[in-house]
Amino acid sequence: MTTTVAGPTRRLMEGSEAIALASIAAGCRFFAGYPMTPFTEVLEHFARCLPEVGGTCINAESELEAVGMTWGALATGARAATGSTGQGLSLMQESFAEISLAELPLVIFNLARNQGDYFQATRGGGHGDYRHVVLAPLDITETVELTQLAFHLADQWRNPVLVYGDYLTAHVQESVTIEPINFGSVPAKDWAVDGSRTGTGDARLLSPLGIAKVGTEPVGIEAHLRRMTAKQAEIQRRETRVETGFVDDAETVVVAFGSPARFVRAAVRELRATGERIGYVRPITLWPFPSDAVAAAADGVRTVATFELCAGQMIDDVRLAVLGRAPVVGIGGISTDGSGFGVGQLLDVERVRERILAVHRGGPDAELPALPDNERALW
Amino acid sequence: MVTIDTEHPPSNARQVGALKPDLLITGEHHLCPGCGEPLALRCLLDTITELELTAQTIGVMGIGCYTAFSMTLDVDLVQALHGRAPSVATGVKRMRPDATVFTLQGDGDMVNEGLQEVLHTAARGEAVTCVLLNNGVFGETGGHMTATTVLGQRTKNTLEGRDAAYHGYPILIGDLLARLEGATYVARGSVHNAGAVARTKKMVRRALECQERREGFSFVEILTMCPTGWFIPTGEGPGYLHDTLGEVHVMGELKVDGRIRTTEELHAENVARQRDVEARLAAGGLDD
């Protein structure tokens, strides 16, 4: 077995391992999860690596236990994370909503089966008004960076941060270096509980309910919820991240995120090399969504196209950003492998280029090539 | 109808201790008259103080009437979701192994909503102490059937009494937990009279001592009165508890040092205790 936790390392590793090692480099000392493809290997790597640094990884009995245990670890001030695929995260949503209101710095990894968890990630799949910062890495190098950034932002804002990857994030191997990244200081965790204040008259209460110990200034649920709303607005102002390319003179702009954006970027670069005036926008934060960058890119273009590996969810945010400046069409679609866990035939630079070119030439009403089918079904 | 004067102590009452446990910021609370939860809570708080665990104790609260105490307990607390306190306590304990960690949950919280949580935590042998306040109803919502409601018990959604054929059978959670290898100490107490309170407090002490020795999971179930949720006069709460819940959820230590005790053993012990008390009363009274 390769021991990898100590010291900076540059070697070939799959994204799942990079997530575990980057988390540990960021100071994460607790992880709990439940196996589910394609997330499973993230759990395996945490289980192997965390004990080496004195941390704890629990193979939880279900996603409900996993998020609950992580909640407890966070309450002690530890950096802690959980994760699953979108299906497993559905089970955790009640806790996500309340952890947000309890202002605990949770980090969540979604190694999703496709991009159809966009709404779950960006709207919050649970109850109430909460939002999570959502980071969508393009490749394994960026996964290493955004994983560490996730822990920083979670502590900075006392708000959950979700890293949205997919089958390719989990299993593609790239040569990466894992070193702690210094994003600056974060507020001290003077809110954490360790038991030492019990009986001193100054005990802490970590509650999502906006209540406080008798004798301290009562907050009240209404004021608490309004404060959370104000915090979300501040996060929107401060934490939007986006990459754009060739948008200044573009006639067609393509918006895509995560692993598929890598295919889109490659296709756009190839088309640019042949003189086609096409640009791309890649949201790195799905929430806060880079609406200003999308709106600026859409100004004066003939068509805004979104490429998503699902029926189309981010397209709603693109339309809200574009606000009628240009027609917005989806050129992605559902495409899976035979198991439904991995990526399908559509994720191919040649096919992506064909579809971009179709709307670039034919405008928003252009007929797209038919979606390719699986080469084989699993059953 | 029994009328209780809440302004003055009964004429034969004598004060035997402080009116307020050290770990309560204030003695005031908004629970109903006749509620057993403050008594059960006191067993826990006083024991933490007596065992000198105050500067290391972290509590994890479930959701129920008792949640209101999160504002008045001078204890570092984490508020959990309904049913999920044992997992939260697990995370706390794993990151703070030197802390004394307890959960406080009701029967609706622990046995309905979060049954798997407490079972898995016990099976894992987590060194935490789960305290169940069991009154057989959802008190906070106004007296609805829970998984521990006994057969025949009337609740707001079992108006003619819980019928096994229609509503199923109650879960005896203590008995269930006692059979799990990771559970070291399992006991069921009650607060329906002074003797039961004293006995329950000893159970809480043994559970916390078990946690301090890191012997595994410990559990104390405490039967509590809920006259409001039972729709009976306040003064009849203790008797109703003894005669209905207490007949099914039998009091006693269900597992000590890894040895499981049967319901028959507990019954026999309770009968012997009662006879002893009666004999001593007949001989001139109880001194302790």
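Visitor: Before anything else, what makes a residue buried or exposed?
Guide: A residue is buried if 20 or more other C-beta atoms lie within 10 Å of its own C-beta, and exposed if 12 or fewer do. The C-beta atoms are placed from the backbone. Keep in mind that this is a predicted model.

Visitor: Fine. Which residues of helix 1 of chain A are buried?
Guide: The buried ones are Gly15(A), Ser16(A), Glu17(A), Ala18(A), Ile19(A), Ala20(A), Leu21(A), Ala22(A), Ser23(A), Ile24(A) and Ala25(A). That is 11 of the 11 residues of helix 1, which runs over residues 15–25 of chain A.

Visitor: What about just after helix 1 of chain A, which residue takes a positive phi?
Guide: Gly27(A) does, at about 100 degrees.

Visitor: Step back to chain A as a whole. How many helices and strands?
Guide: Chain A has 12 helices and 15 strands. Of its 379 residues, 54% count as buried.

Visitor: How does the radius of gyration of chain A stand against a compact globule?
Guide: A compact globule of 379 residues would have a radius of gyration near 21 Å, and chain A has 21 Å, so the two agree. Along its principal axes, the C-alpha trace of chain A spans about 75 × 50 × 40 Å. Taking contacts in chain A between residues at least 6 apart in sequence, 78% join residues at least 24 apart.

Visitor: Now the sheet with strand 10 of chain A. What's the strand order?
Guide: The order is 10-12-11-14-15 in chain A, five strands in an open sheet with mixed pairing. At the edges are strand 10 (242–245) and strand 15 (328–330) of chain A, each pairing on one side only. Neighbouring strands of this sheet are turned by 20 degrees against each other on average, direction ignored.

Visitor: Strands 11 and 12 of chain A, parallel or antiparallel?
Guide: Parallel: strand 11 (residues 252–255) and strand 12 (residues 278–283) of chain A pair over four bridges. Within that pairing, Thr252(A) stands opposite Ile278(A) of strand 12.

Visitor: Which strands does helix 10 of chain A touch?
Guide: Helix 10 (residues 291–298) of chain A packs on the sheet and touches strand 10, strand 11, strand 12 and strand 14 (303–306) of chain A. The direction of helix 10 makes about 170 degrees with that of strand 12.

Visitor: Different topic. At what angle do helix 9 and helix 12 of chain A cross?
Guide: At roughly 65 degrees, with the axes of helix 9 (residues 258–273) and helix 12 (residues 349–362) of chain A coming within 9 Å. The crossing of these helices of chain A is right-handed.

Visitor: Which residues make that contact?
Guide: Helix 9 of chain A brings Phe263(A), Val264(A), Ala266(A), Ala267(A), Val268(A), Glu270(A) and Leu271(A). From helix 12 of chain A come Val349(A), Val352(A), Arg353(A), Ile356(A) and Leu357(A). By class, the residues of this contact are 10 nonpolar, no polar and two charged.

Visitor: What does strand 9 of chain A pair with?
Guide: Strand 2 (residues 76–79) of chain B, in the parallel sense and over two bridges. Leu205(A) has Leu77(B) as its bridge partner there.

Visitor: And which way do the residues of strand 2 of chain B point?
Guide: Asp76(B) and Val78(B) point one way, Leu77(B) and Gln79(B) the other way, and all are buried. Strand 2 of chain B also pairs in the parallel sense with strand 1 (residues 57–61) of chain B, over four bridges. In that pairing, Asp76(B) is the bridge partner of Ile58(B).

Visitor: Last one. What are the overall numbers for chain B?
Guide: Chain B has 10 helices and 10 strands, and 53% of its 288 residues count as buried. The C-alpha atoms of chain B fill a box of roughly 50 × 45 × 40 Å along the principal axes.

Methods: Residues are numbered from 1 along each chain as its sequence is written. Chains are lettered from A and ligands numbered from 1 in the order in which they are written. This is a predicted model: local features need pLDDT of at least 70, side-chain atom pairs count only at pLDDT 80 or more; totals for chains, interfaces and linings use all residues. Two strands pair if DSSP finds at least two bridges between them. Axes are lines fitted to C-alpha atoms, for helices over the stretch in contact, and angles run from 0 to 180 degrees between N-to-C directions. A crossing is left-handed if the near helix is turned anticlockwise from the far one by less than a right angle, and right-handed if clockwise. Two residues are in contact if their C-beta atoms, placed from the backbone, lie within 7 Å. Ala, Val, Leu, Ile, Met, Phe, Trp, Tyr, Cys and Pro count as nonpolar, Asp, Glu, Lys and Arg as charged, and the others, Gly among them, as polar. The radius of gyration is taken over C-alpha atoms; the globule rule is 2.2 Å times the number of residues to the power 0.38.
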